[in-house]
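This report describes selected features of one protein model. Please consult the sequence and the structure shown below while reading.

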Amino acid sequence: MEDIENSPKAEKYPANGVFNRSNTVWVGDLKFKDISGPDGVPDGKIDANDRTNIGSPLPKFTFGWNNTFRYKGFDLNIFLNGSYGNKVMNYTLLTGGSGGIGTMKSMWVNQNKTAIQNRAQLVPIDPDKVYADGSNWYDDITNVKVANSGTKTPRPTLSDPNDNDRISTRWVEDGSYLRIKNLSLGYTFPKKWVSKARIENLRIYANIQNLYTFTKYTGYDPEIGASTQDSSGLTYGVDNGRYPSPTTYSFGLNITF
């Protein structure tokens, strides 16, 4: 409780000082930074004045590199692409998806296993405390603490009075990446070998698309692009479950008679 009292006041902070786990900020909720107030300076409250720019979905630059190396009959083609400086809103985190921090506020949808395991676990400070009115420790804010205080997942709650799932830096990640988009290795047989079979040219090759992506993004694929749920095509950088680029292996044989 001391932590709540000494932190910036949430929007649903009880005016009379009586906390309720279903209607007010509570132990196990997230902390939000007091950035500003009506006068442009922090005012000790968390409200609409604390909204700020948390990143652009547009990269500072994109890049690509394509080159072919040849040695005798071998050829190696490498194509790299990527972007730098853009932010991605990992919406799958908010819905309990790949990253596993989830909202922990619904019992009607699937929850990520990691989210459930890492949720803020509330335990009594004094388990032997007796309540004459028949109430329980979990309704007494002076007798509740978080057992796993290092977690990043808030307490499970259906009402979510603290708006733990509001849009914040919690869902926004660095979308920079470097991808080995295409890698192809081939070998062309010497003409003196294949001419005996009346073949003018013979080349075998192996090709891999989307071999590996170097990124800090925790979602399926950092290459998001425009949102698939916005018909205008103007919403960028929102990952609402975009299907990741598959890794494709292929082998081939080129023959010229």
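Which residue in E6 does Met-89 stand opposite? Met-89 stands opposite Val-172. The model is predicted, so local features need pLDDT of at least 70 and side-chain atom pairs count only at pLDDT 80 or more, while totals for chains, interfaces and linings use all residues. Residues are numbered from 1 along each chain as its sequence is written, and side-chain values use heavy atoms, with hydrogens and water left out.

Strand E3 (residues 87-90) and E6 run antiparallel and are joined by 3 bridges. Strands are DSSP runs of at least two residues, numbered from the N terminus, and two of them pair if DSSP finds at least two bridges between them. The open sheet has 3 strands in the order E6-E3-E9, with mixed pairing. Its edge strands, E6 and strand E9 (238-239), each pair on one side only.

Ser-176 lies in the loop between strand E6 (172-174) and strand E7 (177-188). Ser-176 counts as buried because its relative accessibility is 12%; buried means under 20% relative accessible area, exposed over 50%, and partly exposed in between (1.4 Å probe, protein chains only). The side chains of Ser-176 and Asp-174 make a polar contact at 2.8 Å. A polar contact is a pair of N or O atoms within 3.5 Å; within protein, one must be able to donate a hydrogen and the other to accept it, and residues adjacent in sequence count only if both atoms are side-chain atoms.

**The nonpolar core**

The largest nonpolar core has 8 residues, including Ile-4, Phe-19 and Val-25. Such a core is a set of buried Ala, Val, Leu, Ile, Met, Phe, Trp, Tyr and Cys residues joined through side-chain atoms within 4.5 Å. Phe-19 is buried, at a relative accessible area of 8%.

**Aromatic rings**

The whole structure holds 9 aromatic pairs. Rings of Phe, Tyr and Trp (its six-membered ring) pair if their centres lie within 6.5 Å; planes under 30 degrees apart count as stacked, over 60 as edge-to-face and the rest as tilted. Two of the pairs are tabulated.

| Pair | Centre distance | Plane angle and class |
|---|---|---|
| Tyr-13 and Phe-19 | 5.3 Å | 85 degrees, edge-to-face |
| Trp-137 and Tyr-138 | 5.6 Å | 75 degrees, edge-to-face |

Tyr-13 is partly exposed, at 24% relative accessibility. Ring pairs also link Phe-74, Tyr-187, Phe-189 and Trp-193 into a cluster.

How values were computed
Helices (H or I, at least four residues) and strands (E, at least two) are DSSP runs, numbered from the N terminus.
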